[in-house]
Amino acid sequence: MQNLWGENVRLRRRRKKATPSPQPYSITGGNDCEVLGHSLNMFDLSGCTTCMDCHVNIFCPRCIPIHPRDDQAVPVLCERHEERAVQHAV
Ligand SMILES: [Zn+2]
Ligand SMILES: [Zn+2]
């Protein structure tokens with residue numbers, strides 16, 4: 001797939017082994033974020049946030065082209081840019 005800048009992007013680098021810190025509580029057994037999506041904190045003014053569960057850095061690719069501090073950050077559209085969140089009932 002391609003992202004907004006025409007670069008090839010793999011969704012996420014998966015490392016099945018070597019989990020640094022096992023999640024103490026998880027409804028899916030450790031990969032809630034992969035199954036349910038990240039639990040985002042509030043986006044800050046620069047379009048960055050973090051995941052409450054796995055604490056990865058997240059940025060909105062519509063707000064900023066890349067995360068300013070973490071090139072492994074996960075692109076997730078913020079509330080203002082997430083199209084499918086506008087209307088639930090269709
Ligand atoms: Zn997460
Ligand atoms: Zn945005």
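Mentor: Helices (H or I, at least four residues) and strands (E, at least two) are DSSP runs, numbered from the N terminus. This is a predicted model, in which local features need pLDDT of at least 70 and side-chain atom pairs count only at pLDDT 80 or more, while totals for chains, interfaces and linings use all residues. Residues are numbered from 1 along each chain as its sequence is written, and chains are lettered from A and ligands numbered from 1 in the order in which they are written.

Trainee: Which elements does the protein have, and in what order do they run?

Mentor: There are one helix and three strands. Starting at the N terminus, the order is α-β-β-β.

Trainee: What makes β1 and β3 edge strands?

Mentor: Two strands pair if DSSP finds at least two bridges between them. The three strands make an open sheet, ordered β1-β2-β3, with mixed pairing. In that sheet β1 (48-50) and β3 (74-75) each pair on one side only.

Trainee: How do you know that β2 pairs with β3?

Mentor: Strand β2 (residues 57-59) is joined to β3 by two bridges, and the definition asks for at least two, so they count as paired. The two strands run parallel. F59 has P75 in β3 as its bridge partner.

Trainee: Where is H55, and why is it called exposed?

Mentor: H55 lies in the loop between β1 and β2. A residue is buried if 20 or more other C-beta atoms lie within 10 Å of its own, exposed if 12 or fewer, and partly exposed in between, with C-beta atoms placed from the backbone. H55 has 11 such atoms within 10 Å, so it is exposed. Its phi is near 65°, a positive value in a residue other than glycine.

Trainee: Why is E82 called exposed?

Mentor: E82, in the segment after β3, has 12 other C-beta atoms within 10 Å and therefore counts as exposed. Its C-alpha atom is 9.4 Å from that of R62, 20 residues apart along the chain.

Trainee: Why is V74 called buried?

Mentor: V74 belongs to strand β3. The count for V74 is 20 other C-beta atoms within 10 Å, so V74 is buried. V74 and T49 are 25 residues apart in sequence, with 9.7 Å between their C-alpha atoms.

Trainee: What makes T49 buried, and which residues does it touch?

Mentor: T49, in strand β1, is buried because 22 other C-beta atoms lie within 10 Å. Two residues are in contact if their C-beta atoms, placed from the backbone, lie within 7 Å. Not counting residues up to four places away in sequence, T49 touches L40, N41, M42, F43, D44 and I58.

Trainee: Which residues make up the largest nonpolar core?

Mentor: A nonpolar core is a set of buried Ala, Val, Leu, Ile, Met, Phe, Trp, Tyr and Cys residues joined through C-beta atoms within 7 Å. The largest has seven residues: F43, C48, I58, F59, C60, V74 and C78.

Trainee: How many of the protein's residues count as buried?

Mentor: The share is 13% of the 90 residues.
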